[in-house]
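I opened the model to look up a few backbone and packing details. My notes follow.

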Amino acid sequence: MRLRLLHTLARLALLGGGVAWFVGCLLLVPFGQRLASDIIPTATPTPTVFVLALPRPSPTVAPTPTPLPPLVALLAGHSGGEDPGAVCPDGLREVDITTDVAAHARRILEARGYRVDILAEFDKRLDPIKRDYAPHVFLAIHADSCVYYASGYKVARAANSIIPREEDRLVRCISSSYAAASQLPFHEGSITNDMKHYHGLMKIHPHSPGAIIELGFMGSDRAILVNQSDQLALGIANGIERFLQGSLCP
Ligand SMILES: [Zn+2]
């Protein structure tokens, strides 16, 4: 009987210990969790970002303006007015030569992609006060008197140029190309003050390179002036193009 009582007490003690252990566990686990969260730094959760796979709009590209080709102004001497320039005894007129050569030069230069204005002698675009006509090259085309004691061409720029180096280069480019095409000599001795103070050179924009050419003498050089105006125009166009391309034309 005593033995049975002891056995029962032992069982109760075991049962009580188990219950105590179970309750202790229930109480301690939250504490342990709290302890762990205090000690172990919790990594900041990375927020899940949902990216919509929409097609990206292509960046707006501003249209690049196509630069205009250089503008060449050719003044056909004595055109558009009453004065025909020099006139030979047989009726050959300077204005007919200058307009013919200017028209040929225009065709050549336009075929090469340049813009070309043909100007009259006293063209309205040439305003001496505003001086707002600004071609990339200006060339006035004239021919010399109907004499037989002189032969050759000449090219000059304004005496009071504010861009003398550029205009000297223009004179060289036109002069050398024209000489090659025409086979005419340079008649330097007859560059007059009228050429150096030619009204057209005083009316273009001060920074537009300008020059004047006397194609040849309508007496001695009349064969080439009349019959090979396209060849003369080629020399002019070549010279202008070399200038626009930046050649030093030594
Ligand atoms: Zn003239």
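I began just after helix 3, where Gln 183 takes a positive phi of about 65 degrees. Gln 183 is not a glycine. I placed Gln 183 in the loop between helix 3 and helix 4 (193-196). Helices are DSSP runs of H or I with at least four residues, strands are runs of E with at least two, and both are numbered from the N terminus.

This is a predicted model: local features need pLDDT of at least 70, side-chain atom pairs count only at pLDDT 80 or more, and totals for chains, interfaces and linings use all residues. Residues are numbered from 1 along each chain as its sequence is written.

Is Gln 183 buried or exposed? Gln 183 counts as exposed because 11 other C-beta atoms lie within 10 Å. My cut-offs: buried means 20 or more other C-beta atoms within 10 Å of the residue's own, exposed means 12 or fewer, and partly exposed is in between, with C-beta atoms placed from the backbone.

I then checked His 78. Its phi is near 70 degrees, a positive value in a residue other than glycine. His 78 sits in the loop between strand 1 and helix 2. His 78 counts as buried because it has 24 C-beta neighbours inside 10 Å.

Next, the overall layout. I noted six helices and five strands. Their order from the N terminus is α-β-α-β-β-β-α-α-β-α-α. Of the 250 residues, 34% are buried. I took two residues as in contact if their C-beta atoms, placed from the backbone, lie within 7 Å. Among contacts with a separation of 6 or more, 81% join residues 24 or more positions apart.

Back to helix 3. It has 19 residues and reaches 26 Å from first C-alpha to last, close to the 27 Å expected at 1.5 Å a residue. The expected span is 1.5 Å times one less than the number of residues. Its buried residues include Glu 167, Arg 169, Leu 170, Ile 174 and Tyr 178. The buried residues of helix 3 pack against strand 3, strand 4, strand 5, helix 5 and helix 6.

I picked Leu 170 in helix 3 (residues 164-182). Leu 170 is buried because 26 other C-beta atoms lie within 10 Å. Which residues does Leu 170 contact, leaving aside its neighbours within four places in sequence? I found Val 137, Arg 157, Pro 209, Ala 211 and Phe 243. The C-alpha atoms of Leu 170 and Phe 243 are separated by 5.8 Å, and the two residues are 73 apart along the chain.

Then the core. A nonpolar core is a set of buried Ala, Val, Leu, Ile, Met, Phe, Trp, Tyr and Cys residues joined through C-beta atoms within 7 Å. The largest one has 51 residues, and those with the most contacts inside it are Leu 74, Leu 139, Ile 141, Ile 174, Ile 213 and Ile 236. The largest share, seven residues, comes from helix 6.

So to helix 6 itself, my last stop. Helix 6 is mostly covered, with 12 of its 16 residues buried. The cover includes strand 1, helix 2, strand 3, helix 3, strand 5 and helix 5 (222-227). Leaving aside its neighbours within four places in sequence, Ile 236 is in contact with Ala 105, Leu 139, Ile 174, Tyr 178 and Ile 213. Just after helix 6, Gly 246 takes a positive phi of about 90 degrees.
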